[in-house]
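Reader: I have a structure to go through with you. Can we take it piece by piece?

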Amino acid sequence: QVQLVESGGGLVQPGGSLRLSCVASGNIRSIYAMGWYRQVPGKPRDLVAIITSGGSTNYADFVKGRFTISRDDAKNTVYLLMNSLKPEDTAVYYCSGAIATLHTIAPNNYWGQGTQVTVSS
C-alpha cells in the first residue's frame, strides 16, 4: 500500500556532509509526522529527528546544531541534511512516516528499508 524509499547514504569523511531523502509512494491520503532514525548493529534504533505535518521539528541531543530535517509535501518527501559528520554518526538510517491511506481513517506507521551512512577517513 505504502512504500518509503531512502536514498543519499554513502561514505563521507569526518566533517563532511550528506543529504538523505525519503520518498513516500502508494495509496496515500495524508502524511502526518515523519522522522529519521538510526541503528548500529547490536543496539536499539534511535530517533534522530522528527517533523510534524505543521513543520515543527525535534532533534536528538547528539545531532542538534548539525542535522536539519525538512519536508516537501508536494513531493511526499522528507530530507535529512547532515553536516559536521562524525565517525559515531555511522549507522543505517531509516525513514519513518505516519501515513493514512485511501482505505484507512487513522494513520499507520511505515518504515523504509534503510540507507547506510559511513563516516570514516
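Predicted model: local features only at pLDDT ≥ 70, side-chain atom pairs only at ≥ 80, totals over all residues.

Reader: Where is aspartate 89 placed?

Author: Aspartate 89 sits in the loop between β8 (77-82) and β9.

Reader: Which side chain does the side chain of aspartate 89 make a polar contact with?

Author: That of arginine 66, in a polar contact of 2.7 Å.

Reader: And what is aspartate 89 in contact with, leaving aside its neighbours within four places in sequence?

Author: Arg38, Arg66, Phe67, Ser84, Val117 and Val119.

Reader: Moving on. How many disulfides does the count come to?

Author: The count is one disulfide. Cysteine 22 and cysteine 95 form it, with their sulfur atoms 2.1 Å apart.

Reader: Which parts does that pair tie together?

Author: Cysteine 22 is in strand β3 (residues 18-26) and cysteine 95 is in strand β9, so the pair links parts that are 73 residues apart in sequence.

Reader: Is the link of cysteine 22 and cysteine 95 left-handed or right-handed?

Author: Left-handed, with -75 degrees about the S-S bond.

Reader: Cysteine 22, buried or exposed?

Author: Buried: cysteine 22 has a relative accessible area of 0%. Cysteine 95 also counts as buried, at 0% relative accessibility.

Reader: Now the strands. How do β4 and β5 run?

Author: Strand β4 (residues 28-39) and strand β5 (residues 46-51) run antiparallel, and five bridges join them. Tryptophan 36 stands opposite alanine 49 of β5.

Reader: What is between the strands in that hairpin?

Author: Six residues lie between β4 and β5, and in this hairpin glycine 42 takes a positive phi near 85 degrees.

Reader: Which residue is the bridge partner of alanine 49 in β6?

Author: Tyrosine 59. β5 pairs with strand β6 (residues 57-59) in the antiparallel sense, over three bridges.

Reader: How many residues are between β5 and β6?

Author: Five, and the two strands form a hairpin. In its turn, glycine 55 has a positive phi of about 95 degrees.

Reader: Last topic, alanine 106. Where does it lie?

Author: Alanine 106 is in the loop between β9 (91-101) and β10 (108-111).

Reader: How far apart are alanine 106 and serine 30?

Author: They are 76 residues apart in sequence and 9.7 Å apart in space, C-alpha to C-alpha.

Note on methods. Residues numbered from 1 in each chain as written. Heavy atoms only, no water. Pairing = 2+ DSSP bridges. Helix = DSSP H or I, 4+ residues; strand = E, 2+ residues; numbered from the N terminus. Polar contact = N/O pair within 3.5 Å; in protein donor to acceptor, adjacent residues only side chain to side chain. Contact = heavy atoms within 4.5 Å. Disulfide = S-S within 2.5 Å. Buried < 20%, exposed > 50% of the residue type's maximum accessible area, 1.4 Å probe, protein only.
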